[in-house]
Structure formats: C-alpha cells, structure tokens
Amino acid sequence: MSVTVEQAAESVVQPKGRSVSERLTALMPLIALAAILAALTVADPGFFTQRSLTAATMTAAPLIVLAAGATLVVLCGGIDLSIAAMASLSTVFLALWLPDLGALTTPAVIGVAALLGAVQGVAHVYLRIPSFIVTLGGMSIFSAVALVVSDAGTVPVTDDSTISWLNLYVARYIPMSVAVALLVVAVLALVVRLTPLRSWITATGYSESAARLAGAPVDLVKIGAFCVSGACAGLAAVMLVSRNFSGNPSMADNLLLPAVAAIVVGGTAITGGHGGLWRSVAGALVVTLLRVGLPIVGVPSAYEQILYGAIIVAAVALTLDRSKVMVIK
C-alpha cells in the first residue's frame with residue numbers, strides 16, 4: 001500500500017496529542033514578548049507609548065522579512081547564512097540602479113536576490129554540498145562583491161521617490177514597512193498552508209529520504225525555499241535603504257545573528273520539520289525588543305552579541321529534535 005506525502009508527514013511529525021510542556025514551549029515566544037514588554041515598561045514608563053512602539057516595529061520590519069524567508073530553508077532542514085550579506089549587497093544594487101531604473105529598481109533587486117538564492121539552492125541540491133557550507137561561501141562572495149561594486153563605501157540615494165512610500169503609514173498608526181512585512185508573511189503562510197507545500201516542506205525537513213520515497217519533489221522544494229529566502233533578503237534591503245537613504249556593503253551584516261535568533265526563539269526546530277512563519281514574526285519582535293531594551297535597562301551594547309549567542313543556544317536546546325541527531329558532536 002502506497003503512502004502519500006501528507007500521510008507520511010502527519011504520521012511522523014504530528015502526534016495525536018501534545019503534553020503541557022509542549023504547549024508551553026509553543027506559547028513561549030508570546031510569553032517572552034509580553035514579559036520583555038512589561039519589563040521595559042517598568043524600567044522606562046515612557047516606553048509603552050504609540051511613538052516608541054511604532055519605532056520598535058519599524059526597526060523590526062526588515063528583520064521579520066529576513067527571518068521569514070530563512071525560516072522556509074530551516075523548515076526544509078537547511079540553513080541560510082548568506083541572508084544578511086545578500087541584503088547588504090542588495091542595498092548597494094538598489095542605490096546604484098535607482099537613478100536609471102526608477103520604479104523598476106525594487107522588483108529588479110528582489111529578482112536578482114531571488115536568483116542568487118536559487119543558485120545557492122541548486123548548488124546545495126545538485127552538488128550535494130551542505131547548506132551551511134554553500135551559504136557560508138555565499139556570504140563571503142556577496143560581501144566581497146558588495147565591496148567591489150560600491151568601492152568599499154556608502155552609495156548615497158539622491159532620489160528616493162520610488163521607495164519613500166515605505167515610510168508612510170497605514171491608518172495613521174501602522175508603518176507601511178510593517179504592513180508590507182506582515183503581508184509578505186501572511187501570503188507565504190497562506191501559500192504553504194493551502195497547497196501541498198506544507199506537507200512537502202514538513203516531510204522534507206523531518207526526513208528527506210522518507211519524503212523522496214513518498215514522492216515529494218524534495219529538490220524543487222529546497223531550491224524554492226532558497227529562492228524565497230533570497231527574495232526576502234532583497235525586500236529587506238529595500239526597507240533598509242528607504243530608511244537610511246543610502247546603500248552600504250555592510251548595512252545589513254548585523255542582522256544575521258538576530259535573524260537566526262528570531263527563527264529559533266520563535267520555536268522553529270533548527271533540525272527542520274517543525275515550526276512556522278508566524279512563530280518567526282514573534283521571535284523577531286522578541287529580538288527587536290531586546291535590542292531596543294538593552295540601553296534602557298543600562299546594559300552596554302557590547303553585550304548584545306553575548307545575549308544573542310545565549311538565546312540561540314537556549315532556544316535550540318528547547319526545540320531540537322534529538323531523535324534526528326543520533327550522535328552529538
């Protein structure tokens with residue numbers, strides 16, 4: 001009797017019932033978000049205002065988009081370490097192309113970033129190179145290309161009329177960049193949920209060999225995930241340029257660790273097969289509040305990287321599927 005991808009995914013990934021601890025783990029990102037928000041409000045009563053929260057969400061918008069794209073790669077059992085470098089390269093492309101392409105610059109940059117992501121996916125799938133190695137090499141290549149094409153300097157944007165709409169507001173209080181970030185996540189989540197992609201991604205992330213036996217198009221799914229991750233990096237670059245009025249070869253480099261932290265804090269298992277896009281949104285908000293809140297509570301910014309490292313280790317410890325890791329090295 002043949003087994004479909006949907007049946008395989010449900011039988012190996014979705015248990016009949018979840019324990020209290022598993023339910024608590026699923027709610028942990030929202031609990032952490034509420035706790036951090038309460039702590040910051042106590043430390044600085046002026047923080048819980050419409051102006052402060054709006055500024056925090058605007059800061060979170062590029063991170064949400066980056067994390068959402070990379071989440072699909074992680075759900076497939078891989079990882080994309082090149083997202084920040086690709087976003088930095090995309091800011092340079094955007095700043096250089098705006099004078100000539102105008103309104104076409106944004107789709108052009110997102111398209112190029114998606115193509116670069118797909119190339120990494122092809123290298124990972126057909127050359128059988130681990131995604132860690134492929135994207136680590138991609139990170140180095142993208143950073144070097146960004147330095148070359150920008151002459152290792154900032155590229156100013158003299159006319160931002162075609163991207164300035166990202167600085168507008170929806171219903172007076174919601175930043176357009178935040179609305180776009182949430183729309184991207186919503187569209188991706190709907191596509192995954194309402195199509196066979198959900199079963200394919202889940203099965204691929206949980207057991208690639210079993211997914212192939214069940215007939216899932218594993219190679220195409222993984223390449224598609226890298227392609228979407230690249231496109232999201234391009235969109236995040238547009239958001240960054242709209243706020244900074246320039247492109248820079250290192251503009252988004254400091255977002256790599258926060259993006260990875262957002263994914264694992266959101267509860268997506270680093271081993272793949274379990275998690276979700278909306279979880280990464282909650283994780284991105286948690287990470288952003290921590291970044292904003294450190295100076296408020298008097299913690300020097302130099303400790304930020306230490307905090308991210310501790311968060312990643314703790315979150316992975318909670319979400320790691322140890323049944324898929326036979327030997328801990």
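How many aromatic pairs does the structure hold? The structure, a predicted model, holds 1 aromatic pair, where pairing calls for ring centres within 6.5 Å, using the rings of Phe, Tyr and Trp (its six-membered ring). The centres of the F93 and W97 rings are 4.8 Å apart and their planes stand at 5°, so the pair is stacked (planes under 30 degrees apart count as stacked, over 60 as edge-to-face and the rest as tilted). Both residues belong to helix α4, 4 residues apart, or about one turn of the helix. F93 is buried at 14% relative accessible area, whereas W97, at 26%, is partly exposed (buried is under 20%, exposed over 50% and partly exposed in between, with a 1.4 Å probe and protein chains only).

Residue numbers start from 1 along each chain as its sequence is written, and side-chain values use heavy atoms, with hydrogens and water left out. Local features need pLDDT of at least 70 and side-chain atom pairs count only at pLDDT 80 or more, while totals for chains, interfaces and linings use all residues.

Helix α4 (residues 83-101) also packs against α10, at an angle of about 55° and with the axes 8 Å apart. That makes α4 oblique to α10 (under 35 degrees is roughly parallel, over 145 roughly antiparallel, 65 to 115 roughly perpendicular and the rest oblique). The crossing of α4 with α10 is right-handed, that is, the near helix is turned clockwise from the far one by less than a right angle. Residues in this contact (heavy atoms within 4.5 Å) include I83, M86 and L94 of α4 and S229, G230 and V241 of α10. By class, the contact of α4 with α10 comprises 9 nonpolar, 5 polar and no charged residues (Ala, Val, Leu, Ile, Met, Phe, Trp, Tyr, Cys and Pro count as nonpolar, Asp, Glu, Lys and Arg as charged, and the others, Gly among them, as polar).

S229 sits in helix α10 (residues 218-244) and is buried, at 0% relative accessibility. Beyond its neighbours within four places in sequence, S229 touches G69, A70, V73, D80 and I83.

Helix α5 (residues 105-126) packs on α10 too, at about 145° with axes 7 Å apart, and their crossing is right-handed. The contact of α5 with α10 has 14 nonpolar, 6 polar and 2 charged residues.

Key. Helices (H or I, at least four residues) and strands (E, at least two) are DSSP runs, numbered from the N terminus. Axes are lines fitted to C-alpha atoms, for helices over the stretch in contact, and angles run from 0 to 180 degrees between N-to-C directions.
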